[in-house]
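Subject: Structure handover

Hello,

Here is the structure for you to take over. Please open it alongside this note.

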Amino acid sequence: MPNLKKRLGNVLVEAGFITPNELNKALIEQMKTGKRLEKILVELGVIGEKDIVDVLEFQLGIPRIDFKKEHIDPETAKIVPEHIARSHCLIPVKRQNGKLVVAMANPLNDTAADDIKMAVGLDVEPVIAGEAEINEQIEIYHFKGSAGGLEEGPHLETVEALKESDVSEGAEGVADTPAVRLVDSLIGHGINENASDIHIEPGERDVIVLFRIDGFLQEIMSYPLDLHNAVVARIKILAGMNITQKRLPQDGRIKMRLKEIRVDLRVSTLPTIYGERVALRILNQSRFLLDINELGFYPDSLEDLKSIIQRPYGMILVTGPTGSGKTTTLYSFLKLLNTPEKNIITLEDPVEAVIPGVNQVQINPGTGLTFAKGLRAILRQDPNIIMVGEIRDAETADIAVRAALTGHLVLSTLHTNNSAGAVTRLIDMGVEPFLVASSVVCVIAQRLVRRLCKHCKHSYKPSERERFLLNWKSDIMALHKGRGCPQCRETGFKGRTVVYEIMKVTQKHRELINAKVSTDVLMTAAKKQGMETLRENALKKVIQGITSFDEAVRVAFTEE
């Protein structure tokens, strides 16, 4: 049996995780505020939540609970009054051998055990879990307000939900239910976490919720499967979808406003063997409308780009895979170019963010408004600058190239691996090489890498492989990586930045393009003329401690 007579602060001091002075400072703060000691220690930054769990598990032998594997009995979870669960950060898991198994952030809390025994008449068998994990379970089983990981999520009462009037009595009584509060919290929390997507995946016993943050899916919470139909119904009502149709995929859209930020949610449902899977794409306008100086381009590159995009005509292409930030880069160009004397028209699918002063057109293939047809119409509107969201077919490519040759600045994107590949892709689409050579003035290839978390970043000695790829000779150089902390959800990364290569089309390039040379030949020519490659740019950010070596390799070394 673990020794539960010790105090948490003393255990952490004995284990060497905090100093006596740090403990005294936390105890003084506890007397002033009444907060739990473990919460104060984490807030002061002297120890991480994960370290507290590790100490209690390994030093005292208190078992740790994994909520992904351990199924909480819903009735048992609610046996302890909510105010006790929240004030002590705990949640009952099950009854076992006449005792109540309780997940606790601080299982050494005698007061909590006494409060539980007085409330339910059972002795406590403690297990340990992180505060955020417990708070998520409290949110699921008590459904009162928000807590823990969801406490920052605004509810839809404070969000302008444009389709709220669609709520009806016939919607299985979904209005003003636990499902409403859960959906509101999830959406608000996703926006505050800067997630790009929310995935809701039903399983055999429960439902998993994941956020895509900085390009990676992270499990956020789970909730009981018997609540799932109500959750899906709530989302469908907001998105204007058919709540009675559960056997076919559906698509919908939710528009809302959070303070001054407009947010669109693209909703997709998919029937699975356990229920409908829901994916919500969060289109947060504040993410797209960044200043060009905020993207992560180096100062010399910024000067080149600002000079290039001020040209009166020609084509500028941004290339990269889906999710590499191409649209954000183009929007930053438009913000810089957007002046009253210029007529700027965009053709997008979809319009990701509204730019005041810019005429934005939404593609609608269902009505016949394709990129090619829209581009023809735009040319009759006397534009100075045209942005085509993506060049997808030969007809669009041909019209865009000819527009760039006839006095228009054309901005667009292509899906290619590097800058030189954009040129050969246009030729492969059927555009004559001489037209490509005459119209394209610059190609930017880019990717997004995750930034190291500033709260847990630390240095280490590089391995031989790392030194070889970085071409370092000295033994004293250091690289950086993140340990993982609550601020970055234990990932070691927080936020993203761009890595890129900029190929300015010179006279030498034009000659090679007219000669129909390969992508490799064009790349070699660009390097000889001083172009820094995507890989070199990524490794520079590794050396500067902006990102990790493994992250740079993952993003920029995949083609070799």
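Below are the findings, grouped by region.

Ground rules

This is a predicted model: local features need pLDDT of at least 70, side-chain atom pairs count only at pLDDT 80 or more, and totals for chains, interfaces and linings use all residues. Residues are numbered from 1 along each chain as its sequence is written, and side-chain values use heavy atoms, with hydrogens and water left out.

Helices (H or I, at least four residues) and strands (E, at least two) are DSSP runs, numbered from the N terminus. Buried means under 20% relative accessible area, exposed over 50%, and partly exposed in between (1.4 Å probe, protein chains only). Contact means heavy atoms within 4.5 Å.

Cavities

A cavity is a set of points, on a 1 Å grid over the protein atoms alone, where a 1.4 Å probe fits but cannot get out; lining residues have an atom within 4 Å of a point. Grid points are joined across faces, edges and corners, and a volume is the space filled by probe spheres set on the points.

By this rule there are four cavities of 30 Å³ or more. The largest cavity holds about 80 Å³ of space. Its lining consists of Phe 67, Glu 70, His 71, Ile 72, Gln 137, Ile 140, Tyr 141, Asp 206, Ser 222, Tyr 223 and Pro 224. Helix H8 (131–142) and strand S6 (216–224) are the elements that give two or more residues to this lining. By class, the lining of the largest cavity has six nonpolar, three polar and two charged residues. Here Ala, Val, Leu, Ile, Met, Phe, Trp, Tyr, Cys and Pro count as nonpolar, Asp, Glu, Lys and Arg as charged, and the others, Gly among them, as polar.

One of the lining residues, Asp 206, sits in strand S5 (residues 206–213). Asp 206 counts as buried because its relative accessibility is 19%. Leaving out residues up to four places away in sequence, Asp 206 touches Glu 201, Ser 222, Tyr 223, Pro 224 and Leu 225. Asp 206 and Ser 222 are 16 residues apart along the chain, yet their C-alpha atoms are separated by 6.6 Å.

Helix H4 (residues 49–60) has 12 residues. From first C-alpha to last, H4 reaches 16 Å, close to the 16 Å expected at 1.5 Å a residue. That expected span is 1.5 Å times one less than the number of residues. In H4, Ile 52, Val 53, Asp 54, Val 55, Leu 56 and Leu 60 are buried. The buried residues of H4 pack against helix H1 (8–14), helix H3 (37–44) and strand S3 (124–128). Gly 61 follows H4, with a positive phi near 75°.

Helix H22 (residues 549–556) is mostly covered, with six of its eight residues buried. They are Phe 549, Glu 551, Ala 552, Val 553, Val 555 and Ala 556. The packing partners of the buried residues of H22 include strand S15 (440–452), helix H18 (464–470) and helix H21 (534–543).

The annotated domain

UniProt lists residues 312–433 as "domain: AAA+ ATPase", in an unreviewed entry. UniProt positions are given in the numbering used here, feature names are shortened, and annotations may be inferred rather than shown by experiment. Over residues 312–433 the chain is 36% helix and 20% strand. The end C-alpha atoms of that range are 22 Å apart.

Thr 329 lies in helix H13 (residues 326–337). With 2% relative accessibility, Thr 329 counts as buried. Beyond neighbours within four places in sequence, Thr 329 is in contact with Leu 295, Phe 297, Val 318 and Gln 446.

Glu 352 is in the loop between S11 and S12. Glu 352 is buried, at 17% relative accessible area. The C-alpha atoms of Glu 352 and Thr 327 are separated by 8.2 Å.

Backbone points to check

Most residues other than glycine have a negative phi, and most peptide bonds are trans. Which peptide bond is cis? The bond from Asp 349 to Pro 350, with omega near 0°. Pro 350 is in the loop between strand S11 (344–348) and strand S12 (359–362).

Cys 89 is not a glycine, but has a positive phi of about 55°. Cys 89 is in the loop between helix H6 (82–88) and strand S1 (90–96). At 0% relative accessibility, Cys 89 counts as buried.

Asn 194 has a positive phi near 60°. Asn 194 is in the loop between helix H9 (178–192) and strand S4 (197–202). At 39% relative accessibility, Asn 194 counts as partly exposed.

Best wishes

Key
1 Å grid on protein atoms, 1.4 Å probe; cavity = no way out; pocket = protein on both sides within 12 Å on 5 of 7 lines; lining within 4 Å.
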